[in-house]
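Here are my notes on this structure, written for someone new to reading models. Keep the 3D view open as you go through the points.

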Amino acid sequence: MGVIIINFKAYEEGFGKRGYELAKATEEVSKKVDDYLAIAPPILDLPEFVSSLSIDIFAQHVDAVNYGSNTGRITPEMLNEKRAKGSLINHSERRLRLADVDFIVSKFRELGLTSIVCTNNIPTTAAAAALSPDYVAVEPPELIGSGIPVSKSEPEIVENSVKSARDVNPSVKVLCGAGISKHEDYVTALDLGAEGVLLASGVVKAKYPKAALEELVGLR
Ligand code: G3P
């Protein structure tokens, strides 16, 4: 039993009405399994999804600023007020400076929000673990959206990320992501010591997203 977080990114299939259908499908599937399923939809959809769904909803990004004179920013407090569960932080497609990651992780701790810091390799996973987020999610950028699962093609990255994160901070949970779509990819990630997976295209871009999700959790 593990953790599965689906990042809808800015895919057309994951926004608005289509995004809602995918979110609803995730909620339905989550009721049939013991795994923890959560989603990270586009920020414009987050408040609506939070108020109409029972699964946890994460933001895809948050800025390292407080309320104030900051234009076009999403603050940790805003996410808290809109009842987001937490946020992805420092995704490969939305990198932040280390000091910003530290600011957000600390602020999240204060607010009771869940922090998922994305990293791109083993050393950055160890560095992120030192900041004591709830999760670190290691995703080799070259495998993102490739359909080549990190857990099967680069198992040593997953295994060594888990080890190096634990050496630095035993309470940090490690996820892995990039190219995950099959149940086998997910189970392999768990066998390598990860708590679960972070994925996007394998479900969001699938022809039948609900079926893809059911396959991922082993219901098909
Ligand atoms: O945030 C998850 C993501 O970067 C992995 O993308 O499409 O390879 O599952 P994908």
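**Notes on the model**

1. Let's start with R83, which is exposed, with a relative accessible area of 55%. The cut-offs are these: buried is under 20% relative accessible area, exposed is over 50%, and partly exposed is in between, using a 1.4 Å probe and protein chains only. You'll find R83 in the loop between α3 and β4 (86-89). Its phi is near 60 degrees, a positive value in a residue other than glycine. Most residues other than glycine have a negative phi.

2. A word on ground rules. This is a predicted model, where local features need pLDDT of at least 70, side-chain atom pairs count only at pLDDT 80 or more, and totals for chains, interfaces and linings use all residues. Residues are numbered from 1 along each chain as its sequence is written, and side-chain values use heavy atoms, with hydrogens and water left out.

3. Now go to K9, in the loop between β1 and α1. K9 also has a positive phi without being glycine, with a value near 45 degrees. Is K9 buried or exposed? At 11% relative accessibility, K9 counts as buried.

4. H91 sits in the loop between β4 and α4 and is buried, at 4% relative accessibility. Its side chain also makes a polar contact with the side chain of E139, at 3.2 Å. A polar contact is a pair of N or O atoms within 3.5 Å; within protein, one must be able to donate a hydrogen and the other to accept it, and residues adjacent in sequence count only if both atoms are side-chain atoms.

5. Next, the charged pairs. Side chains of opposite charge can pair when their charged atoms come close. The rule used here asks for a side-chain nitrogen of Lys or Arg within 4 Å of a carboxyl oxygen of Asp or Glu. How many salt bridges does that give? The count comes to twelve.

6. One of them joins K24 and E27, with the closest N and O atoms 2.8 Å apart. The two residues are three apart in helix α1 (residues 16-30), so about one helical turn separates them. K24 is partly exposed at 28% relative accessibility, while E27 is buried at 4%.

7. Another salt bridge pairs D63 with R73, and here the closest N and O atoms are 3.1 Å apart. Both D63 and R73 lie in the loop between β3 (56-59) and α3, so the pair ties together parts that are ten residues apart in sequence. D63 is buried, with 4% relative accessibility, and R73 is partly exposed, with 41%.

8. E77 is buried at 15% relative accessibility, and K107 is buried at 14%. Besides K107, E77 touches V65, N66, Y67 and L111, not counting residues up to four places away in sequence.

9. Finally, helix α8 (residues 183-191). Which of its residues are buried? They are D185, Y186 and A189. Looking down the axis of α8, these fall within an arc of 100 degrees, so they line one face of the helix; the arc is taken from the directions from the helix axis to the C-beta atoms. Their cover includes β1 (3-7), α7 (155-168) and α10 (209-217), among others. After α8 comes G193, with a positive phi near 105 degrees.

Note on methods. Helices (H or I, at least four residues) and strands (E, at least two) are DSSP runs, numbered from the N terminus. Contact means heavy atoms within 4.5 Å.
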